[in-house]
Amino acid sequence: MKTRLLTSVGIIILLISCKQNETQKFESKNKIEETVFTEQYIENDSLLMLLKSDLYRIAFNPVFEGEEKPEINTHNKTVADTSKTLIFDKTKIHFYRESNWEIIVSAKIKNSRFKFLDTITIGEKKGILENIVKTELKANSITIGNLKHTTLFIFKFENDILKEIVYKYDED
């Protein structure tokens, strides 16, 4: 009788512990499903060009302070190119300049002073961008880019409020 009772108690404990593990796995699966929608990519070349134009307009604002440093040109070692970083408050814009052209290669906008498309600024609600792209935005990180993913604007939201705009350019 005692053996059956101990065996029954052991089986019940085993079943309860297995049941808890299944619940934990289910909770883990839910967390994975939640992270699926943390990023959303929108390919839109015309919108990308407008955003890029606004970024250049912002970069030439006199509030920025800059520092330049020479860099060796990877294609022609006899030429020194220039890397320039513009800084204002929490905003940084990084340029790369060769002898006859200059390009913005990255930027982080974290200041509400700067506007894109006359309406997008740090602190705005996600709905503003949603109206512009005419797409439901389900993620906290919205990337607008080109077909090759070489030019990207990343809009980062927390609680549906825009916290940061990141620009990345890579010619490869």
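User: What elements are in the chain, and in what order do they run?

Analyst: This is a predicted model, and its chain has three helices and eight strands. Going from the N terminus, the order is α-β-α-β-β-β-β-α-β-β-β.

User: How much of the chain is buried?

Analyst: Buried residues account for 32% of the 172 residues. The accessible surface is about 11900 Å², and carbon and sulfur atoms make up 53% of that. As for contacts between residues at least 6 apart in sequence, 48% of them join residues at least 24 apart.

User: What about confidence? Which element has the lowest mean pLDDT, and which the highest?

Analyst: Helix H1 (residues 2–36) has the lowest mean, at 44, while E8 has the highest, at 97. Over the chain the average pLDDT is 81, with 73% of the residues scoring at least 70.

User: Where does pLDDT stay under 50?

Analyst: Residues 9–28 are one such stretch, and the model gives them zero contacts beyond four places in sequence. Residues 32–36 also stay under 50, again with zero contacts beyond four places. Where pLDDT is low, the predicted coordinates should not be read in detail.

User: OK, charges now. How many salt bridges does the structure hold?

Analyst: Six. One of them is in H2, where the side chains of Asp54 and Arg57 come to 3.6 Å, N to O.

User: Why are Asp54 and Arg57 about one helical turn apart?

Analyst: Because they sit three residues apart in helix H2 (residues 45–59).

User: Is Asp54 buried or exposed?

Analyst: Asp54 counts as buried, at 13% relative accessibility.

User: Which residue does Lys110 form a salt bridge with?

Analyst: Glu164, with the closest N and O atoms 3.9 Å apart. Lys110 lies in the loop between strand E5 (102–109) and helix H3 (126–133), and Glu164 is in strand E8 (residues 161–169), so the pair ties together parts that are 54 residues apart in sequence. Lys110 is partly exposed, with 36% relative accessible area, whereas Glu164 is buried at 10%.

User: Which residues are linked in a network of salt bridges?

Analyst: Lys84, Arg97 and Glu102 are linked that way. For the Glu102 and Arg97 pair, the closest N and O atoms are 3.7 Å apart.

User: How do Glu102 and Arg97 count for accessibility, and what are the values?

Analyst: Glu102 is partly exposed at 28% relative accessibility. Arg97 is partly exposed too, at 27%.

User: And the general idea behind pairs like these?

Analyst: Side chains of opposite charge can pair when their charged atoms come close.

Notes: Residues numbered from 1 in each chain as written. Predicted model: local features only at pLDDT ≥ 70, side-chain atom pairs only at ≥ 80, totals over all residues. Heavy atoms only, no water. Salt bridge = Lys/Arg side-chain N within 4 Å of Asp/Glu carboxyl O. Helix = DSSP H or I, 4+ residues; strand = E, 2+ residues; numbered from the N terminus. Buried < 20%, exposed > 50% of the residue type's maximum accessible area, 1.4 Å probe, protein only. pLDDT = per-residue confidence, 0-100. Contact = heavy atoms within 4.5 Å. Areas by Shrake-Rupley, 256 points an atom, 1.4 Å probe, with all protein chains shown as cover.
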